[in-house]
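Q: I'd like to learn how to read a protein model feature by feature. Can we walk through one together, starting with a helix?

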Amino acid sequence: MSYGKQDDHHDEHHGWHTPHNSWAPILLAFGSSFFLLGFAKVFTQTWENDAWSYAIHTGEIWVMISGLAVFFAGIMIFWQQDWEHDGSYELKSLGAPFQGIDVRKIALWMFLMSEMMVFSTLFTTYMRYRTGLPNCTAMAEAGTLVDGSVCWLPASYFIAEGGWHQETAHAALGFMPDTLIPGAINTFALIISSYTIVLALKTAKDTRISEAERSRKVGIYLLTTLMLATLFLIFKMVEWFVGFELGSEEHPIFYSPSLLADGFTIHASEYDYTICHVWENHECVDKEVYQVDIRMAASTFYVTTGTHGVHVFGGMVALVYMVTKAFMGGYTPANAVSIEYFGLYWHFVDLVWVLVFPAFYLI
Amino acid sequence: MSEEEHDHHHTILGFDAYNFNFAVLMIFTAIEVVAVALTFSMKGTVSMSTVIWILVVVGVVKGFGISAVFMHLRGDPDSRVLTATALFPVFFIVVMILFIGMTHPESADSLPAWCRPGFYD
């Protein structure tokens with residue numbers, strides 16, 4: 001695909017040519033919709049005989065596969081079209097209120113508006129249940145906690161407070177529990193990745209350096225962003241499923257069990273909420289245990305942070321392409337805005353984390 | 001916009017806007033983490049409401065820094081209209097938070113019968 005000058009819409013082969021707007025995003029939308037529809041049909045869970053039963057319906061798997069195929073076809077077409085975009089033509093909006101602004105930029109902001117609604121829905125759900133359900137710790141302190149209580153036990157109980165063994169929770173740094181460290185590192189990683197994106201943009205716009213140096217620097221900044229995003233998802237997995245322990249059981253150097261190991265799951269209808277009254281030599285010698293239902297807190301945590309994680313992963317897919325293009329000399333001052341437009345998405349993901357981190361991890 | 005104008009408006013207090021913003025974001029993130037860490041290491045000395053206020057202030061500063069500087073919602077010729085665009089969903093978000101997020105999960109039980117599930121006449 002080639003782009004003509006904005007004031008020269010003449011095409012050698014077809015006479016007047018129109019701006020080459022991409023229809024690939026429509027394919028991406030259909031593909032992802034089909035994939036999600038198929039996912040919901042293939043993997044199901046039902047409540048039977050007082051227990052959850054899981055099933056995989058292989059007969060419906062074709063919907064998922066077709067969705068993925070359409071999605072990847074959309075990505076390939078999108079990238080193929082973008083690969084040759086040298087910035088010599090940029091479609092501008094003609095009508096108010098966006099007159100003179102790049103159509104791509106407006107479209108990106110429209111997309112971000114829809115994303116704001118998605119995350120607002122998740123936050124509203126969180127607020128509704130957090131304010132509506134009684135807090136497990138408050139119930140325990142008031143003496144109203146009983147077996148079978150449905151209450152709210154925030155993720156921060158496990159992450160920022162060290163769980164039920166918080167009195168003896170390990171703190172390698174001395175002032176914060178080890179369980180908070182993966183989330184804290186992730187917060188810094190996202191902030192730094194936002195910075196590396198703007199550095200890539202700034203460098204791509206820089207006309208004072210040679211083309212080879214520019215390509216190398218932009219590539220390095222984008223690659224750094226990709227590595228930080230990878231780090232983010234790795235720590236997310238560590239925090240959710242894997243945990244991280246260093247040293248022996250008697251003398252731990254670093255001890256951060258996963259949320260799964262701590263029992264904070266979406267099926268925690270009988271979570272053993274433990275209150276320790278007396279500690280002796282890091283052992284609880286007098287404790288009360290109540291089986292409580294904390295599924296709402298776990299569900300809102302995993303759905304919200306998981307949705308955010310999917311957005312990080314989506315950004316990583318785009319970054320793989322952009323890094324390749326950058327090292328091949330694909331970004332110049334003329335088309336540097338492509339980095340800016342990806343950056344808008346990436347900063348939005350960072351912005352969401354600014355809310356997610358304190359709301360779910362810290363309080 | 002010329003290169004000179006572009007360079008000029010991308011400075012804060014004489015520093016490069018991106019670098020300045022990055023430094024502010026890092027400092028405020030450190031404050032955020034330390035504030036919560038203190039509730040762990042100095043139990044009983046820092047109240048949760050104090051921590052929440054610190055987190056709100058930090059969140060506002062970080063949110064402004066990212067959107068205004070990194071997302072170019074301040075200083076660019078199209079900043080104003082794009083800020084208005086970005087704020088458009090806020091109306092719906094406020095409605096959602098006020099009327100759904102802040103209500104009790106069982107509040108639907110007190111609605112009139114015609115407004116509850118199962119009333120199909």
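A: Helices here are DSSP runs of H or I with at least four residues, strands are runs of E with at least two, and both are numbered from the N terminus. Bear in mind that this is a predicted model, where local features need pLDDT of at least 70, side-chain atom pairs count only at pLDDT 80 or more, and totals for chains, interfaces and linings use all residues. Residues are numbered from 1 along each chain as its sequence is written, while chains are lettered from A and ligands numbered from 1 in the order in which they are written.

Q: Which residues of H3(A) are buried?

A: A residue is buried if 20 or more other C-beta atoms lie within 10 Å of its own, exposed if 12 or fewer, and partly exposed in between, with C-beta atoms placed from the backbone. In H3(A) the buried ones are Lys105(A), Trp109(A), Leu112(A), Met116(A), Phe119(A), Phe123(A), Tyr126(A) and Arg128(A).

Q: What is there to see in the loop between helix H2 (61-83) and helix H3 (103-132) of chain A?

A: Look at the peptide bonds. Pro97(A) sits in that loop, and the bond joining Ala96(A) to Pro97(A) is cis, with omega about 5 degrees.

Q: How is chain A divided into domains?

A: Domain bounds come from an automatic or database domain assignment. For chain A that gives domain 1 (1-81) and domain 2 (90-362), and their C-alpha centres lie 26 Å apart.

Q: Which residues have the most contacts inside the largest nonpolar core?

A: In soluble globular proteins, nonpolar side chains tend to be buried together. A nonpolar core is a set of buried Ala, Val, Leu, Ile, Met, Phe, Trp, Tyr and Cys residues joined through C-beta atoms within 7 Å. The largest one here has 87 residues, and those with the most contacts inside it are Cys136(A), Leu153(A), Ala155(A), Ala200(A), Leu222(A) and Ile294(A). H9(A) gives the largest share of this core, 16 residues. Take Ala200(A): leaving out residues up to four places away in sequence, Ala200(A) touches Val218(A), Tyr221(A), Leu222(A) and Ile339(A). Touching means contact, that is, C-beta atoms placed from the backbone that lie within 7 Å.

Q: How do strands E5 and E6 of chain A pair?

A: Two strands pair if DSSP finds at least two bridges between them. E5 (residues 244-247) and E6 (residues 252-256) of chain A run antiparallel and are joined by 4 bridges. They form a hairpin with 4 residues between them, and Gly247(A) has Pro252(A) as its bridge partner in E6(A).

Q: What about chain B: in what order do its elements run?

A: Count first, then trace. Chain B has 4 helices and 2 strands, running α-β-β-α-α-α from the N terminus on. Of its 121 residues, 22% are buried.

Q: Where does the side of chain B that touches chain A come from?

A: Start with the totals: the contact takes 38 residues from chain B and 40 residues from chain A. On chain B, the elements giving two or more residues are helix H2 (17-41), helix H3 (48-70) and helix H4 (79-101), and H4(B) has the largest share with 12 residues. By class, this side of chain B has 26 nonpolar, 9 polar and 3 charged residues. Here Ala, Val, Leu, Ile, Met, Phe, Trp, Tyr, Cys and Pro count as nonpolar, Asp, Glu, Lys and Arg as charged, and the others, Gly among them, as polar.

Q: What do the buried residues of H3(B) pack against?

A: Those residues, including Ile54(B), Val58(B) and Phe70(B), pack against helix H6 (181-205) and helix H9 (337-362) of chain A together with H2 of chain B.

Terms used:
Contact = placed C-beta atoms within 7 Å.
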